[in-house]
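This report describes selected sites in a single model. The sequence and structure come first, and the text then goes through the sites one by one.

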Amino acid sequence: EYMGDFLIIMEPTLQLLNNTLVRDKALKVVQYGSKSIALLSENKETKANYSSLAKTISSSRRFVKFLRWINYFKDYFDLSKEKNPYLKKVMTVEVILNFLVDIFTDIITLEKINLLPKGLVPAKLARLTDELDLILSLFSMFIAYIQYKRTEFKLQSQAKNTTDGNSEQKTLQTNIKMQKITILKCFSDFLQLSFDTNKPFVTEKGALFFGILSGLLSLVKYGGKAFT
């Protein structure tokens, strides 16, 4: 009996550990946590150690995310399922932005590890990538909000037609929770990236907080998918 319970828990746990997105977000939490310690600490040695750790993890995340843009081909082909022509256009722009951000990030990574000659990649490409990522966070937040409202409307319609809760209603309730988490995660990404792109309304401490929050919300989201 205990072995059966153990296997039930281990299967989704292994799925999580094998997910590159989960590993990336876990590293993001550690990276921004290290940055926060370096920023807040008054000890020079502690500052230096945690700053170095944050930079190392940042480089590691680049390799974890390398070639991630290949996954967006599936998202592109899934666009045909969307019936609303206006939302479909918004989702198409989101997929294109995802492609561009990840491809540009890979190009920058190749230069950093000397697989591309120094100076070949324009110096402004990193800034352009951050700006596109900022815009992407807004598109993702808008799409997540529309999906949330759709699910909410569907749940309300079902509630009117039945007095007893059923499995589909419970699934919809779970989806609503996950969609709310996604909206908050996208908003956190927006604020973090606002600091990265030198927007005046976010401080460094705020950006670090929202960076950690974004990573944690992503882990909750992926964990919720794996264990339901």
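Lysine 205 lies in helix H8, which spans residues 204-226. The model is a predicted one. With a relative accessible area of 56%, lysine 205 is exposed, because exposed means over 50%. Leaving out residues up to four places away in sequence, lysine 205 touches Leu39 and Leu40. Between lysine 205 and leucine 40 the separation in sequence is 165 residues, while their C-alpha atoms are 8.9 Å apart.

Glutamate 82 sits in the loop that runs between helix H4 (72-78) and helix H5 (85-112). Its relative accessible area of 13% makes glutamate 82 buried, since the cut-off for buried is under 20%. The side chain of glutamate 82 makes a polar contact of 2.7 Å with the side chain of arginine 150. When neighbours within four places in sequence are set aside, the contacts of glutamate 82 are Leu87, Lys88, Met91 and Arg150.

Phenylalanine 66 is located in the loop between helix H3 (44-64) and H4. Phenylalanine 66 counts as partly exposed, at 31% relative accessibility. A nonpolar patch on the surface is formed by Phe66, Leu67, Ile70, Phe73, Tyr76 and Phe77. Together these residues have about 590 Å² of accessible area.

| Residue | Relative accessible area | Class |
|---|---|---|
| Lysine 205 | 56% | exposed |
| Glutamate 82 | 13% | buried |
| Phenylalanine 66 | 31% | partly exposed |

Definitions and conventions. Residues numbered from 1 in each chain as written. Predicted model: local features only at pLDDT ≥ 70, side-chain atom pairs only at ≥ 80, totals over all residues. Heavy atoms only, no water. Helix = DSSP H or I, 4+ residues; strand = E, 2+ residues; numbered from the N terminus. Buried < 20%, exposed > 50% of the residue type's maximum accessible area, 1.4 Å probe, protein only. Polar contact = N/O pair within 3.5 Å; in protein donor to acceptor, adjacent residues only side chain to side chain. Contact = heavy atoms within 4.5 Å. Patch = residues over 30% accessible without salt bridge, like charges linked within 9 Å, V, L, I, M, F, W, Y side chains within 5 Å. Areas by Shrake-Rupley, 256 points an atom, 1.4 Å probe, with all protein chains shown as cover. Salt bridge = Lys/Arg side-chain N within 4 Å of Asp/Glu carboxyl O.
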